[in-house]
Amino acid sequence: MEKEILKSVIADNQIEIPRHQIVSRDFHFEEFGNYVFVGIRRAGKSYLLYQRIQQLLKEGIGWDEILYVNFEDERLEGMDTKDLNLLLETHIEMYGKRPTLFLDEIQNISGWEKFARRLADAKYRVYITGSNAKMLSSEIQTTLGGRYINVNVYPYGFIEYLSANQIVITPNTLYATESRAILLRYFDDFFHFGGFPEGAALNAKRDYLSSVYQKIYLGDIATRHAITNTFALRVLFKKLAESVMQPISFSRLTNIIASTGVKVGKVTVINYLEYAKDAWLLTPVQNIAGKLVEKETTPKYYFTDNGILNLFLLDAETSLLENLVAITLLRKYGRENSVFYYRKNIEVDFYIPEEETAIQVCYNLSDAETLKRETKALIGLGKVLPCKKLLVITRNEESVLTLNGMVINVVPVWKWLLQ
């Protein structure tokens, strides 16, 4: 690799990155931390690099201390591990300073892990992104030896989605007729088509989502793991979408796939589910009341974005509501051992131990029996687990209930997302 090519790549990026219009996302970076961005394909990991670079530039740090490289640049084709150090040499030759490194799509360089570890050991500040097809979040901490902090990147939340569409929330937005109507129209789009950044401003959202799903399903899962039985994989994801609100066991999933005439073993199904989790297509949520085996084998599964879930379903409203609540909680509290459901004599959709909060999700509470069932479960959970806060999240209804001396807040999902 010639240094003149590297100099051209470095200089071009210094012109291009400030031109990007960034929807600022709520990520905080420590001054002395090294980060690797993980998450579902097309969630905006590269744009987080641009956001961080633009922040540093505004703080007065110049390009002489910043080195950004996108390894999908065709000019870098054929680059190998030994050329990575040449990047450092080239930057120092140009500016005479140690840079903070931003390495985008680094998985394209075989052996990049050793370079990344050496940078961290040499006290460089480093930010890394990579494709899920070759660089999975479950492998990163082992690969990088604990030297980097994982940053989970999801598609836009509702506030970010509004910002991407130039909708500004003010204290009067929810009261003024016109602004409230506009907000609810954008929420309806977000609810049905999700928050992938590139899709936020597109009219043909469903076509875009189909393309993203195919890349995840075929590239990040089937191709990466050499799965030839893609029909079984397709049936599995379809059934999980249809069952998004219900616990479902490995045995049940295996039997469902077998009923289509495809022979597949339980171990294979378990592997498929792990692959889907690694690719961030799905996240399991466990029963906090279950025994160890039940927790592991009978979770609920939620899709990382409502838009992808909606591709599978015809009558999707109720499922989309619960899925959106689940992903919002997982985004806030983390994917591992932070968000649970409760099922033992009573059923409660979500329980968050960290905040002692119990949540039921119900499309509407107009039916008296539905209201009684949902609130009774919340009151019952308060007798077996500490519950400081009880919520029922609905599509549009709002009220405050007091039952058995306990306060239950009923809140529409769009308002809850704005809190």
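Modeller: One definition comes before the helices: an axis is a line fitted to C-alpha atoms, for helices over the stretch in contact, and angles run from 0 to 180 degrees between N-to-C directions. The model is predicted.

Biologist: Are helix H1 and helix H3 roughly parallel or roughly perpendicular?

Modeller: Helix H1 covers residues 3–16 and helix H3 covers residues 81–95, and their axes lie 10 Å apart. The two helices pack at an angle of about 70°. Angles from 65 to 115 degrees count as roughly perpendicular. H1 is therefore, relative to H3, roughly perpendicular.

Biologist: How many residues in the contact of H1 with H3 are nonpolar?

Modeller: On the H1 side the contact is made by Lys-3, Leu-6, Lys-7, Ile-10 and Gln-14. They meet Leu-86, Leu-87, Glu-89, Thr-90, Glu-93, Met-94 and Tyr-95 in H3. By class, two of these residues are polar, four are charged, and the number of nonpolar ones is six.

Biologist: Which helix supplies the largest share of the lining of the largest cavity?

Modeller: The count gives one cavity of 30 Å³ or more, and the largest cavity holds about 50 Å³ of space. Its lining is made of Phe-193, Gly-194, Gly-195, Phe-196, Gly-199, Ala-200, Lys-205, Tyr-208 and Leu-209. By class, the lining has five nonpolar, three polar and one charged residue. The largest share, three residues, comes from a helix covering residues 205–223, namely H8.

Biologist: Which element gives the largest share of the lining of the largest pocket?

Modeller: The largest pocket has a volume of about 1,000 Å³ and is lined by 41 residues, with Thr-328, Arg-331, Lys-332, Leu-417 and Gln-419 nearest its centre. Elements that each supply at least two lining residues include helix H6 (158–164), strand E10 (357–361) and helix H16 (413–418). The lining divides into 20 nonpolar, 13 polar and eight charged residues. The largest share is nine residues, and the element that gives it is H14.

Biologist: How many residues does H2 give to the lining of the second largest pocket?

Modeller: The second largest pocket has a volume of about 830 Å³. It is lined by 32 residues, of which Arg-42, Gly-44, Ser-46, Tyr-47 and Glu-198 lie nearest its centre. Helix H2 (45–58) and H6 each supply at least two of the lining residues. H2 gives the most, and its number of residues is six.

Biologist: Is Gln-166 buried or exposed?

Modeller: Gln-166 lies in the loop between H6 and helix H7 (177–193), and its phi is near 60°, a positive value in a residue other than glycine. Most residues other than glycine have a negative phi. A relative accessible area over 50% counts as exposed. Gln-166 has 66%, so the residue is exposed.

Biologist: What is the relative accessible area of Ala-226?

Modeller: Ala-226 is not a glycine, yet it has a positive phi of about 50°. Ala-226 lies in the loop between H8 and helix H9 (230–242). The residue is exposed, with a relative accessible area of 63%.

Biologist: What separates the C-alpha atoms of Ile-270 and Ser-249?

Modeller: Ile-270 lies in helix H11 (residues 266–278) and is partly exposed, with a relative accessible area of 28%. Ile-270 and Ser-249 are 21 residues apart along the chain, and the separation of their C-alpha atoms is 9.9 Å.

Definitions and conventions: Residues are numbered from 1 along each chain as its sequence is written. This is a predicted model: local features need pLDDT of at least 70, side-chain atom pairs count only at pLDDT 80 or more; totals for chains, interfaces and linings use all residues. Side-chain values use heavy atoms; hydrogens and water are left out. Helices (H or I, at least four residues) and strands (E, at least two) are DSSP runs, numbered from the N terminus. Angles under 35 degrees count as roughly parallel, over 145 as roughly antiparallel, 65 to 115 as roughly perpendicular and the rest as oblique. Contact means heavy atoms within 4.5 Å. Ala, Val, Leu, Ile, Met, Phe, Trp, Tyr, Cys and Pro count as nonpolar, Asp, Glu, Lys and Arg as charged, and the others, Gly among them, as polar. On a 1 Å grid over the protein atoms alone, a cavity is a set of points where a 1.4 Å probe fits but cannot get out, and a pocket is an open set with protein on both sides within 12 Å along at least five of seven lines; lining residues have an atom within 4 Å of a point. Grid points are joined across faces, edges and corners, and a volume is the space filled by probe spheres set on the points. Buried means under 20% relative accessible area, exposed over 50%, partly exposed in between (1.4 Å probe, protein chains only).
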